[in-house]
Amino acid sequence: MLPSIYNPSETFTLGILGGGQLAKMIAQEAYKMGLRVAVIENGADSPAGVMTKLEFTDGWENEADLLAFIKASDMITLENEFIDPSILRRIGESRFVFPTAETMELVQDKFTQKTTFQHAGVPVPRFMEIQTKADLAKAAEEFGYPFMIKTRKYGYDGYGNYTVKRETEFDLVWRKFKEGETQRDLMAEEFVSFTKELAVMVARNKRGEIQVYPCVQTIQQGHICVTVIAPAQIPVEQQERAQQIAVQCVEAISGVGVFGVEMFLRDDGEIVFNEIAPRPHNSGHYTIEACYTSQFENCIRAVTNMPLGSAAMRVPAACMINLLGERTGSGIPDSVVEMLKVHDVSLHLYGKKDVRVGRKMGHLTATANTVDEAFQKANAALEKFVW
Ligand SMILES: Nc1ncnc2c1ncn2[C@@H]1O[C@H](COP(=O)(O)OP(=O)(O)OP(=O)(O)O)[C@@H](O)[C@H]1O
Ligand SMILES: [Mg+2]
């Protein structure tokens, strides 16, 4: 039997694979709960790396660094879904690691992921594997235009996606993904005509206990999530349907940890699955201020097999806005003074050294009595933020 691994009366170090903002926010909660944190990342002074003396800077591909990181950690979790499962298995020989290698194998590849959920009865858009250039014509025939091409692995912030609008784009698609330095495995997907994009966070521990967060609306611009509205302004039945799909997904992969499930609310009112992230998720950042237990705290509770905290909202409404880079250069903003004058808004800056256009540098969350009020407050603060 797997015990609750974390015992607050002893020192306990949670190792995190990855040192970005998600690792940083996991670490913040870990410290609150009396844990220590070890971080492994390529390079020093990552957002989470600067928080601990147990910082390993050569990355998990480096044998010696990986071994030292394992030795320093009592158990291990991750903030990044693209870790080779063989590395997770290696860690698993001497330490608990959640989510498991088996779960990660099912979700890392979007084609495998969609196939898994389709078999579990989750509604998914029509999709197919693309192996040859001729398959693009098959996809067009099957789905019509536009349709989506997605890299099966390593896509994020829409970087692995391409919307194909006409046949004359096939050459471009092939050059982009198949004839460059790195050949990418591809899949095609019907273009879903949706009214809203939704997301639900789910926490699940090894005992199978589950906490489901409210259904939120995510608003993307240029394939990057910019705003999250909690709760989503849709009928309760649709919110509950989204929560039900999210739980079904996490159970289908025996997920332990926290998981972000992205969905589309189709024009006809049906909800279909888009993708799952096996880690804290941008759409769940609002939970820090707006829920009884944040996604980061429940991540720790889940991977250490502790009882989960309530995922219910403790305020009526919240709005989260990402602070995306608007220039290149130093990651330190010019001024946050005017922004901090807006009340009921929390500022989170991740401490990234360099800014690039579109890079997630931080976020802010407004809480309020209504979604409209939260949206206005968050935007008022955003306007006053000066890079
Ligand atoms: N089949 C589809 N039909 C319509 N729009 C889609 C479809 N798939 C993706 N999109 C749009 O592209 C965005 C990014 O797609 P997806 O979530 O697959 O990419 P990602 O790069 O893995 O994700 P993320 O932006 O969450 O890191 C979606 O949020 C949605 O706006
Ligand atoms: Mg996505």
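**The whole chain**

Start with everything shown: 43% of the 387 residues of the chain count as buried, meaning that 20 or more other C-beta atoms lie within 10 Å of a residue's own; 12 or fewer makes a residue exposed, anything in between partly exposed, and C-beta atoms are placed from the backbone. This is a predicted model, where local features need pLDDT of at least 70 and side-chain atom pairs count only at pLDDT 80 or more, while totals for chains, interfaces and linings use all residues. Residues are numbered from 1 along each chain as its sequence is written, and chains are lettered from A and ligands numbered from 1 in the order in which they are written.

Switch to cartoon and you get 12 helices and 20 strands. The radius of gyration of the chain is 21 Å, close to the 21 Å from the globule rule for 387 residues, so the chain is as compact as a globular protein of that length. (That radius is taken over C-alpha atoms, and the rule is 2.2 Å times the number of residues to the power 0.38.) Helices here are DSSP runs of H or I with at least four residues, strands are runs of E with at least two, and both are numbered from the N terminus.

**The parallel sheet**

Zoom in on strand 2 (residues 36–40), where 4 of the 5 residues are buried. Strand 2 pairs with strand 1 (residues 13–17) in the parallel sense over 5 bridges, and you can find Thr13 opposite Arg36 there. Toward strand 3 (residues 54–56), strand 2 has 3 bridges, also parallel; look for Ala38 facing Leu54. Strand 1 also pairs with strand 4 (residues 75–78), over 4 parallel bridges, with Leu14 opposite Met75.

Most residues other than glycine have a negative phi, and most peptide bonds are trans. Here are some exceptions to click on.

- Phe98 and Pro99 are joined by a cis peptide bond, omega about -5°; Pro99 sits in the loop between strand 5 and helix 4 (101–108).
- Tyr145 to Pro146 is cis too, with omega near -10°.
- Tyr154 is not a glycine, yet its phi is positive, about 65°. Tyr154 is partly exposed, with 15 other C-beta atoms within 10 Å.
- Asn305 has a positive phi near 60°. Buried or exposed? Asn305 is buried, with 20 other C-beta atoms within 10 Å.

**Ligand 1**

Finish by selecting ligand 1, which 19 residues surround, the closest being Gly155, Tyr156, Gly158, Glu189 and Val192; a residue counts if its C-beta atom, placed from the backbone, lies within 6 Å. Strand 7 (147–151) and strand 15 (271–277) each supply at least two residues of this shell.

Notes:
Two strands pair if DSSP finds at least two bridges between them.
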